[in-house]
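Hi,

Here's the structure I promised to pass on.

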Amino acid sequence: MSSSSSSAELRFSLLDEPLIGWRDLECGEVRHGSLPAVLAALAADILRDFPRLRPHQRHPWHAFLTQLAVLALHHAGESQPWVNAADWRAALLALTPDDPDGAAWCLVTPPDRPALLQAPVPGEKIDAWNNLLRSADALDMLVTSKNHDIKAARARQAQPEDWLFALLSLQTQEGFLGAGNYGCSRMNGGFASRPGVGVVAVGGWGQRWRSDIVSLLARREQIADDYGLAREGGYALLWLVPWSGTDALALGALDPFYIEICRRVRLAALHGRIQAHTSGSKVARVAAKDSNGMTGDAWTPLETAQGKALTVSRNGFEYKLMSDLLTGGRFTQGAAWRLDGWPQDVALQVIAQVTVRGQGKTEGYHERRVPVSPKLRWLLMGAQRPLIARMAQTRIQAIADMRKLLWGSLALLFANGENNSGNDAISDRASRFARPFEQQEDGRFFEDLAAQAEADVEQQESVYLQWLIGLAGRAEGVLLQAFEAGPRSGMQRYRARSAALSRFHAGLRGGEKKTLFRELADYYARQRTAHLTVSEGESA
C-alpha cells in the first residue's frame, strides 16, 4: 500500500497521540497515553482499568491488546513484552511495513489507505455510502431496546477513544444484522455471540494480559494446525487488506491470532469531530461459515461433541453452564484457559464475559468470576476432576429437585390448598415466587461446592449433608415468605398454608411418595428416632 498521503490527512494517531485514558493501579490517577504507552503500562503492571471503557467492550479490548501484543512479539522473535513505549511503537510499525507513516494506526485516513480497524476502499467515495453515523454509540455493536440501560446514539460529544472502543466492539464481536451486514467469524453463526472465557490471576489488567500472552505464544503452532490456519505469512491485521465488499478471505490464509473486521466502515473528521460512514458487503469478510465458530480463538470454549463454538443463552453464565466449563468434559477450552504453570500459592479465578445477541437485539451483557483456590486448582488438574464434576452434578440435580418441590408447594398455596393443576395464572405465580430460590443458590453454588471438594475425603459426605439441610431451609424460607401473598381469609389461609407446608415436608422426609432426597429423609429419620429415645428415657 502506498504511503504517499500527507501527514495532514492522517488524524488521531494511536501510535503517537495520548488518546487512551487509563487509571494508575496504585493511586487511581487518570493518565492518557498512546497505544504503545498503554502496552508498556500493561507490561509494567501499573494499569488498573480504562475509565471510558463500557462493560460490553471489556473483552474485545482485552482480546485486541493481547492478540496485538502476541503478533508483535512473534514477528520480532521475542517472548517477553517490552516495558517501554518506544519498543512497542517500533514493533507495531513493523506489522504494517507498507504503511511506514503509521496510517494503519490512525482513526482517520484517506479512503484508499488503511486506518485502524478500517479496510482501504480504493476508488470509492465514502460520502456516497448509505449510512452516516454521528455518534460512537450508533456505531457500536449494541442493538438496544427503548428501556435498555445503554442508550443508542447518546454520546454525540464522544472522544476519540469512545470511537475506538465502539469500532472495536463492532468489528470483533458483531453478528449478522440484515442483508449486507455480516458478523465476525469467531462465533457460531450470525445470531450467536463471542464469549471471553479464561483463567486469570486475581489482579489488574496487566496480570491477565501477560498470562494470556504466555499462553497464546505457547499454543501458536498447535492452533494453526488444529484449525487450518497459516503457521507463517498469514493475514494478521485484516484492516490492511483492501475490501470492496465482494471478496472474502479464506480461513486458511489467516494468522492464528488474526484481528478481524466484519464491516465496511470509514471514519472521517468534519471540523474536528469524528463521524462514521458505513456500507454493506455482498459477503462476509472471512469465509468461515462452515467452521461453526471454531477458529482457534483463545477465549471461546468449543462444544466438543457438537463441533461448534459455545453460544451463551440469555441466562448468561448461570451455575449449570459455569459448572460444565469448570469441571465437566463437555467443552474444549481455548488457549486462555490454563490451570497449570502458575505459582503454587497464587489466587486464580475463572472469568467469563459475553454480550448475548438475539435476532436484531441484544439479551444483555453477562460477566461472572469464580474463585479457584490452590487446592481446588490442584484437584481440577488431576484425577479428582471427574469426582468434582459428579459432586457438581449431584448438587445441580438437588437444586432442581428442591425447586420442583418448592414450586409444587407454592402452587398448592396459591390454589387455596386444593389441587388446581392446569391453571396458568397459578403456575406463573408459583414460578415467579420460586425464582429467587434458584437465583440465591446460583450465587453461592461454587463457594459451597469448593467447601465439599476441598474437605477431607471422610468429611465430604457430611459437608454435602449439611449443605442439603441448608438448601431445604432456604427453600422453606421462600415458601414462608410467600404466605403473605397467599389467601387472606382465616379458614382459607389456614388450609392453604397447612397444605403447602405438609406437601413440602412430605417431599423432604418421604410421605405417600418416595422422596427425592434420600440423605435428608435418612437424616430426619435419625433425628426422629433420637428424639423418641430421649422422650422415652425422660418418661421412664
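**The largest cavity**

Helix α6 (residues 205-227) contributes the most to the lining of the largest cavity, with three residues. Helices (H or I, at least four residues) and strands (E, at least two) are DSSP runs, numbered from the N terminus. Before going on: this is a predicted model, where local features need pLDDT of at least 70 and side-chain atom pairs count only at pLDDT 80 or more, while totals for chains, interfaces and linings use all residues. Residues are numbered from 1 along each chain as its sequence is written, and side-chain values use heavy atoms, with hydrogens and water left out.

Back to that cavity. Its volume is about 90 Å³, and the structure holds four cavities of 30 Å³ or more. On a 1 Å grid over the protein atoms alone, a cavity is a set of points where a 1.4 Å probe fits but cannot get out, and a pocket is an open set with protein on both sides within 12 Å along at least five of seven lines; lining residues have an atom within 4 Å of a point. Grid points are joined across faces, edges and corners, and a volume is the space filled by probe spheres set on the points.

The lining of the largest cavity has 13 residues, with Tyr227, Gly296, Asp297, Thr300 and Gly334 nearest its centre. Four of the lining residues are nonpolar, seven polar and two charged (Ala, Val, Leu, Ile, Met, Phe, Trp, Tyr, Cys and Pro count as nonpolar, Asp, Glu, Lys and Arg as charged, and the others, Gly among them, as polar).

At least two lining residues come from each of α2 (58-76) and β8, and the lining splits into ten nonpolar, five polar and five charged residues.

Strand β8 (residues 235-237) runs parallel to β10, joined to it by two bridges (strands pair if DSSP finds at least two bridges between them). Leu237 sits opposite Ile259 in β10. Six of the six residues of β10 (residues 254-259) are buried, so the strand is largely enclosed by the rest of the structure. Buried means under 20% relative accessible area, exposed over 50%, partly exposed in between (1.4 Å probe, protein chains only).

Phe176 is in the loop between α5 (160-173) and β7 (196-201), and is partly exposed at 28% relative accessibility.

Cheers
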